[in-house]
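Trainee: I have a structure to read and would like to go through it feature by feature. Could we begin?

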Amino acid sequence: MDDFKDLDTNSKELSTINFDEKLEVSAVEKNELIADFSSMLTIRVVEQKLAQMRKNGLIGGPVHLGAGQEAIAVGISKFLRKSDRIFSGHRSHTHLLALGAEPRKLFAEVLGRNTGFTKGAGGSMHLWDGDNGFLGAVPIVAGTVSLAVGAALASRLQGKNDIAVAYFGDGAMEEGVVHESMNLARQLNSPVLFVCENNLFSSHMHISQRQPLNSVLRFAKANDIYSKIIDGNNITRIKQVAEKMIKIARDTYSPVFIEAITYRHYGHVDWREDLDVGVNRSSEDLKLWKSRDPIERLKSSLIASKIVQASELEKIRIEIDLQIDHAWDTATNDPKADINSLIADVLKR
Amino acid sequence: MRDGFSYLLKKYPEVFIIGQGLWSPWYVGNSMTNLDKEFGVERVIDTPVSESACTGAAVGAALAGMKPIMVHPRMDFMLYAMDSIVNEAAKWSSMTGGQAHAGVTIRAIINRGGEQGAQHSQALHSWFVHIPGLRVVMPYSVSDARDLLIASVLCGDPVIYIDDRWLYSNEEVLQPIVELDLKNQGPKVIKDGTDITLVAAGFSTQLALEAAEKLNNQNISAEVIDVRVLSPLSPNVILDSVRKTGRLIAIDGGWGPAGFSSEIITVVTESIDPALLKSSSKRVTLPFAPAPVAANLEQVYYPTSDDVVRSAVNAVRR
């Protein structure tokens, strides 16, 4: 068996990634690097706030946190337009916030307040933000992948150059509809960017216990879709690949596929680390992957290349902390969901 | 139906049709003949056998501003698409606080008989009536087949539009198209009567009408109500009729338990003073078994107008 595995190009590609390599920052504008740092850190602080408040019992429902995975959405979103059509799954905060959506609205939504993105109707697991082209995220695994294909098809039928983005995890690759969707997108020339955030876990189970290979790239190849596997914790590399892939989708009405390898700092749901319930999730692994933190990697590269001083980044951190504290405090005082919406919003008024 | 599709494609550039068999007359009878040739294969899209992804794509296209029509030539195969219909399309309006709506029309064809058996025969409209966030339409008349199709596509909500191939040979002289607002459409009295109310939808309405004619020969005057829009159900026409006749039979081409016929009887039971009822309410449905293949079994499986007549006579002459 090992001989045959050796012949598989997919596993080779995964093994060529150096997850500890220094980021190539010298060719990038300082402002852009600072913006990337700020976006990722904002998302991190939001997720930490949600973890803390869920633990405190101030948040009533489940939150699936994306801390550790921020670089992927931040890198991809640089090349998206407001008219693009973004879909996601249960771990979607990073995808929405990377588009520039307001943290305060996310807090309000998670708290079930009328000022949230969907007036408290969706909560953490059913996010939507029409103003930012975020057409929806749902917790049914792979539930929106086919929707993204349709939104991409619509773009072509409308004669536009907008693309759709389908964010999903490695667990979603085990749902049949994802394979149907890739085939359909390829066959109907639908410009959709499939983004598989492979954080190696589906709920409690490591990918090696669910799939014969740790990379999912083979599925894109099987459907004749342009694909690339990348280190999902390397923001500069993600941007290089995203720019190229998104241009292909826009210019040629082709589906494209990015597999980004990453790791989540929290467990499957809420604030815990899941070292107890996660199969093959050890404190050593968590420590290793935290040493590959996308924010810390950018920060250390920036400082090592003398692009910014540590104090400058620390100042940014303090400002973000204050902003997020303020956003949380504001949201907790926002009005509750409207009772009438329960029935009135079931169908179009 | 073909006129309805043609009208929509001509007038609304956001309309496109996607589903299996659309480039072949094999799957959808004459209801879509040559639409692909007239409007192009970009807007009338035949697909791989991927019911789930195609239905999801139609939902996603609706969220991106289109008015898609998804066609399932057989309802049985549509079960692969239940997530897109029940979890996604039906929930979108509620989940977004009424800010986004999956305005997709999902046409499901009931295609039974002909010794096709258990997986080529099902009438599952009741499932969808159970789900808030969907509108469920089942035309009986030729004009409804056209006009309610148009109303479904234009209403902006997800609609399950279910038509029955056993009605395809019916004929009617059609009036010019007038766009209807689906919100204002509901059950209609299509034959007046005084002794008993027969409530039905789709092909069952035809059974009810045939039964009413046979009952007339026995001096029983049956009122026939064609439900047309099963969900959300406007019960008033049904309630008014049963208050007048005092008797109810619900006729349904699906199974009985927790089915649409149960809903009709429940609505009447909840709203009408039992003193006004002259007999207990009855239903005529399929036996609680999957559809058989053998011709002799098939003959006893599907309800007939004689079954309706028997049930009505029992109710009136008890």
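Trainee: At roughly what angle do the axes of helix H1 and helix H6 of chain B cross?

Mentor: First, the ground rules. This is a predicted model, in which local features need pLDDT of at least 70, side-chain atom pairs count only at pLDDT 80 or more, and totals for chains, interfaces and linings use all residues. Residues are numbered from 1 along each chain as its sequence is written, while chains are lettered from A and ligands numbered from 1 in the order in which they are written. Helices (H or I, at least four residues) and strands (E, at least two) are DSSP runs numbered from the N terminus. Axes are lines fitted to C-alpha atoms, for helices over the stretch in contact, with angles from 0 to 180 degrees between N-to-C directions. H1(B), residues 2–11, and H6(B), residues 142–154, have axes that come within 8 Å and cross at roughly 35°.

Trainee: Which residues of H1(B) and H6(B) make the contact?

Mentor: Two residues are in contact if their C-beta atoms, placed from the backbone, lie within 7 Å. H1(B) brings Asp3(B), Gly4(B), Tyr7(B) and Leu8(B), and H6(B) brings Arg146(B), Leu149(B), Ile150(B) and Val153(B). For classes, Ala, Val, Leu, Ile, Met, Phe, Trp, Tyr, Cys and Pro count as nonpolar, Asp, Glu, Lys and Arg as charged, and the others, Gly among them, as polar. This contact has five nonpolar, one polar and two charged residues.

Trainee: How many residues does each chain give to the contact between chains?

Mentor: Chain B gives 35 residues and chain A gives 37. On the side of chain B, helix H3 (51–63) and helix H4 (82–95) are the elements that give two or more residues. H3(B) supplies the largest share, ten residues. By class, that side has 15 nonpolar, 16 polar and four charged residues.

Trainee: Which residues of helix H8 of chain A are buried?

Mentor: A residue is buried if 20 or more other C-beta atoms, placed from the backbone, lie within 10 Å of its own; it is exposed if 12 or fewer do, and partly exposed in between. In H8(A), residues 176–187, the buried ones are Val177(A), Val178(A), Glu180(A), Ser181(A), Met182(A), Leu184(A) and Ala185(A). They pack against helix H7 (145–157), strand S4 (192–198) and helix H9 (217–222) of chain A, and against H3 of chain B. Just after H8(A), Asn189(A) has a positive phi of about 50°.

Trainee: How many residues of H7(A) are buried?

Mentor: Twelve of the 13 residues of H7(A) are buried, so the helix is mostly covered. Just after H7(A), Gly159(A) takes a positive phi of about 70°.

Trainee: In what order do the strands of the open sheet in chain A run?

Mentor: Strands of a sheet pair through backbone hydrogen bonds, either parallel or antiparallel. Here, two strands pair if DSSP finds at least two bridges between them. The six strands of chain A have the order S2-S1-S3-S4-S8-S7, with parallel pairing. Strands S2 (134–137) and S7 (226–231) of chain A are at the edges with a single partner strand each, so one side of each has no neighbour in the sheet. S7(A) and strand S8 (256–261) of chain A are joined by six bridges, and Ser227(A) is opposite Phe257(A).

Trainee: What is the pairing in the open sheet of chain B?

Mentor: The pairing is mixed, and the five strands have the order S7-S9-S8-S11-S12. Strands S8 (196–200) and S9 (222–226) of chain B pair in the parallel sense over five bridges.
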